[in-house]
Amino acid sequence: MRISRKRPLARDALRYHGRMRPDSPRTFYEFFAGAGMARMGLGQDWTCLFANDFDPAKTLSYETHFGPGSVRCADINSLRAKDLPPGASAAPDLAWASFPCQDLSLAGARAGLSAPRSGAFYAFWRLVEELREDNRAPRVVALENVAGLLTSRGGADFASIISTMTKSGYHTGALLVDAADFLPQSRLRLFIIGYLGDAPADLFAAARDERYSNPALQRAVEALPKAARKRFVWWRLPPSPLRNTQLTHVIDWDAPHTWRSASDTRTMLAQMSATQRARVDSLRKTPGRHVGALYRRIRVEDGKKVQRAEARFDGVAGCLRTPGGGSSRQFLVVIEDGAVRTRLFSPRETARLMGMPDDYVLPDGTTKALHLTGDGVAAPVVRHLAQSLIEPLLDSPAAGGASERRSARKAKAA
């Protein structure tokens, strides 16, 4: 089965490709923009006033898709509030920041917010504070990062972020959302949403929702300083619609690909545990095409490090990563008529796993393309958060209401 370039994925997620109408009533800044996946997820009813990323390759891809001048290539430490245009409104509705995760990820060195990469959060918040002093503070701030932030430095980094946001007057809550609810990729991410104002009661939950939380989040919240805990909220988020795509739906079956040799595939299968090999053997005897995703990982067994090949055949790929070594490259496994074939996922397939449209021009070169698609937020997750939480917050009477804001902007423009 081959995907049509016109056919959307994941409940029309790819409709939200981020090409904005000039009369859009909502405005936002996109920091650490990468490929612009947050912008894609927000969709056509949002206007991006400013976007930035420090990576020239990523900003080139961003401009190729959204147009010349749509993003500024700059280290966030070099930016000041005067660099951020106000647009039709004195204050943007939203500031989105998918700040670097390398120092927070369980796969990294876990240096936390004290390290320069993930510590870029503080440079971002300095901008928010400068905007606040200029009476242009964003009404909503949305942060996205790995779930490892909850336990980084014993929870101190999570507490620091929540304390920083609440001290600035934002009611702040956190949600864990897995992209697998929307796309055939397992990608659990932490979203911290702050709202400047009195949020409507129907967007508060009395307690954490287990669909968007876990024990680690509960423990991190319970360990917050008293002042931060007082302004922490459990956001109410409705369940996502049932995902209607499987891994097989994103595969380019008719495109030419470089498959691994039979010898290399046998070597990979030999790296599986006995349980994994039994699963593969069972599928080889089962009629039909069976599609799986595989990572190679280093495991400690009997005190020794052993490379293992671990595959899943549940219709979902593992979490995409940026290419930085053997374990970061994910393989496609196809079992059909008793034969097993393996190859790397193509860049286009990984883009689809992030909810990116097929008309997005990916960088030349597999490594560059995989670095772009593996380092971002799944666009349909952003759409769900925007539609179910961020937009209702902005449209609430406490925020002035959508109609009042539009009238004010028209009057200001006139």
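Student: How many bridges join E6 to E7, and which way do the two strands run?
Tutor: In this predicted model, strands E6 and E7 run antiparallel and are joined by nine bridges. Within that pairing, valine 177 stands opposite arginine 189 of E7.

Student: And E6, is it mostly covered or mostly open?
Tutor: E6 is mostly covered, with nine of its nine residues buried.

Student: Where does E6 sit in its sheet?
Tutor: The sheet is an open one of seven strands, in the order E3-E2-E1-E4-E5-E7-E6, and its pairing is mixed. E6 (170-178) is an edge strand, as is E3 (72-73), and each of these pairs on one side only.

Student: What about E1 and E4, in which sense do they pair?
Tutor: E1 (residues 26-31) and E4 (residues 94-97) pair in the parallel sense over four bridges, and phenylalanine 31 has alanine 97 in E4 as its bridge partner.

Student: Which helix lies across E5, E6 and E7?
Tutor: That is H4, which lies across E5 (140-146), E6 and E7 (188-196) and runs at about 20° to E7.

Student: How does H4 pack with H3?
Tutor: H3 (residues 120-133) and H4 (residues 156-167) pack at an angle of about 5°, and their axes are 12 Å apart. The two helices are therefore roughly parallel to each other, the cut-off for that description being an angle under 35 degrees.

Student: Which residues meet there?
Tutor: From H3 there are Phe121, Tyr122 and Trp125, and these meet Ser160, Ile161, Thr164 and Met165 of H4. Sorted by class, this contact has five nonpolar residues, two polar ones and no charged ones.

Student: Switching topic, what is the strand order in the sheet of four?
Tutor: That open sheet has the order E9-E8-E10-E11, and its pairing is antiparallel. E9 (304-312) and E11 (339-344) stand at the edges with a single partner strand each, so one side of each is left without a neighbour in the sheet. From one strand to the next, the twist averages 30°.

Student: How many bridges are there between E8 and E10?
Tutor: E8 (residues 289-301) and E10 (residues 331-336) pair over six bridges in the antiparallel sense, and leucine 294 has phenylalanine 331 in E10 as its bridge partner. Helix H7 (residues 262-270) packs on this sheet, where it touches E8, E9, E10 and E11, and its direction makes about 95° with that of E11.

Student: Which residues touch the most other members of the largest nonpolar core?
Tutor: The core has 61 residues, and those touching the most other members are Leu94, Trp96, Trp235, Leu247 and Met356. Helix H11 (residues 379-394) supplies the largest share of this core, nine residues.

Student: What does leucine 247 touch?
Tutor: Leaving out residues up to four places away in sequence, leucine 247 touches Pro184, Val291, Gly292, Ala293, Gly315, Val316, Ala317, Phe345 and Leu353.

Technical notes. Residues numbered from 1 in each chain as written. Predicted model: local features only at pLDDT ≥ 70, side-chain atom pairs only at ≥ 80, totals over all residues. Heavy atoms only, no water. Axes fitted to C-alpha atoms, helices over the stretch in contact; angles between N-to-C directions. Parallel < 35°, antiparallel > 145°, perpendicular 65-115°, else oblique. Contact = heavy atoms within 4.5 Å. Nonpolar A, V, L, I, M, F, W, Y, C, P; charged D, E, K, R; others polar. Pairing = 2+ DSSP bridges. Core = buried A, V, L, I, M, F, W, Y, C linked by side-chain atoms within 4.5 Å. Buried < 20%, exposed > 50% of the residue type's maximum accessible area, 1.4 Å probe, protein only.
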